[in-house]
Amino acid sequence: MPWPTALPPVLPTAAAVGYAALAAFLAPLTWPAMLATLPPLAVGGWAALRSPVPAARRPIGRRRVLPWLLVVVAGTAWEVVALVRSPRADYPTISSIISPLAGTQWWFRFAGYLLWFAAGVWLVRQVGREAA
């Protein structure tokens with residue numbers, strides 16, 4: 001019996017939810033937690049690169065770059081300003097806001113993994129659209 005060309009959507013979704021649940025139980029900022037990010041990255045990279053049709057080379061113009069540049073500049077500015085201000089309680093960085101939840105709450109890490117997976121699926125689909 002030949003392999004199916006496409007998996008039913010429920011299988012990858014169930015696998016992602018299960019993996020997120022397992023990975024969320026790992027203690028944050030440890031080697032096991034950091035290594036737990038490698039398999040999803042490998043699967044996402046494989047999915048993005050397996051397209052036989054090369055991606056169309058659209059010119060990179062201001063309309064494609066400017067929104068991302070603004071997001072990066074605004075986020076970086078917020079982090080730098082928050083870093084040099086004191087006390088941190090008055091001007092918290094994003095990481096200091098998230099750290100108490102990520103360090104102690106399993107559900108928060110689980111939601112973070114699911115959001116990360118959803119963003120990866122969206123990016124891989126964007127690559128597939130450009131290739132078609």
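Tyr 19, Tyr 113, Trp 116 and Phe 117 come together as one aromatic cluster. A word on where this comes from: the model is predicted, so local features need pLDDT of at least 70, side-chain atom pairs count only at pLDDT 80 or more, and totals for chains, interfaces and linings use all residues. Residues are numbered from 1 along each chain as its sequence is written, and side-chain values use heavy atoms, with hydrogens and water left out.

What does it take for two rings to pair up? A pair of aromatic rings is described by the distance of the centres and the angle of the planes. Here, rings of Phe, Tyr and Trp (its six-membered ring) pair if their centres lie within 6.5 Å; planes under 30 degrees apart are stacked, over 60 edge-to-face, and the rest tilted. That rule gives seven aromatic pairs. Take Trp 106 and Phe 110: their ring centres are 5.1 Å apart and their planes sit at 10 degrees, so this pair is stacked. Both belong to helix 6 (residues 106–131), where they are four residues apart, about one turn of the helix. Helices here are DSSP runs (H or I, at least four residues) and strands are too (E, at least two), numbered from the N terminus.

Trp 106 comes out partly exposed at 30%, while Phe 110, at 18%, counts as buried. Then there's Trp 107 with Phe 108: the ring centres are 5.6 Å apart and the planes are at 85 degrees, so this pair is edge-to-face. Trp 107 is partly exposed with a relative accessible area of 47%, and Phe 108 is partly exposed at 25%.

Now look across to helix 1, where you'll find Ala 21. Leaving aside neighbours within four places in sequence, Ala 21 is in contact (heavy atoms within 4.5 Å) with Trp 106 and Phe 110. Ala 21 also sits 9.0 Å from Ala 111, C-alpha to C-alpha, although 90 residues separate them in sequence.

Arg 109 is another helix 6 residue, and it is buried, with a relative accessible area of 16%. Setting aside neighbours within four places in sequence, its contacts are Ala 24, Leu 26, Pro 28, Ala 102, Gly 103 and Thr 104.

Arg 109 also leads us to a pocket. On a 1 Å grid over the protein atoms alone, a pocket is an open set of points where a 1.4 Å probe fits, with protein on both sides within 12 Å along at least five of seven lines; lining residues have an atom within 4 Å of a point. The second largest pocket has 19 lining residues, with Pro 28, Leu 29, Ala 102, Arg 109 and Tyr 113 nearest its centre. Helix 1 (10–24), helix 2 (31–35), helix 5 (94–104) and helix 6 each give two or more residues to that lining.

Over in helix 4 (residues 62–84) is Ala 82, which is buried at 5% relative accessible area. Ala 82 and Ile 94 are twelve residues apart in sequence and 8.8 Å apart in space, C-alpha to C-alpha.

Finally, step back to the whole protein. It has six helices and zero strands, giving the pattern α-α-α-α-α-α along the sequence. Of its 132 residues, 11% count as buried. Among contacts between residues at least 6 apart in sequence, 61% join residues at least 24 apart. The protein exposes about 10700 Å² (Shrake-Rupley method, 1.4 Å probe), and carbon and sulfur atoms supply 74% of that.

Technical notes: Buried < 20%, exposed > 50% of the residue type's maximum accessible area, 1.4 Å probe, protein only.
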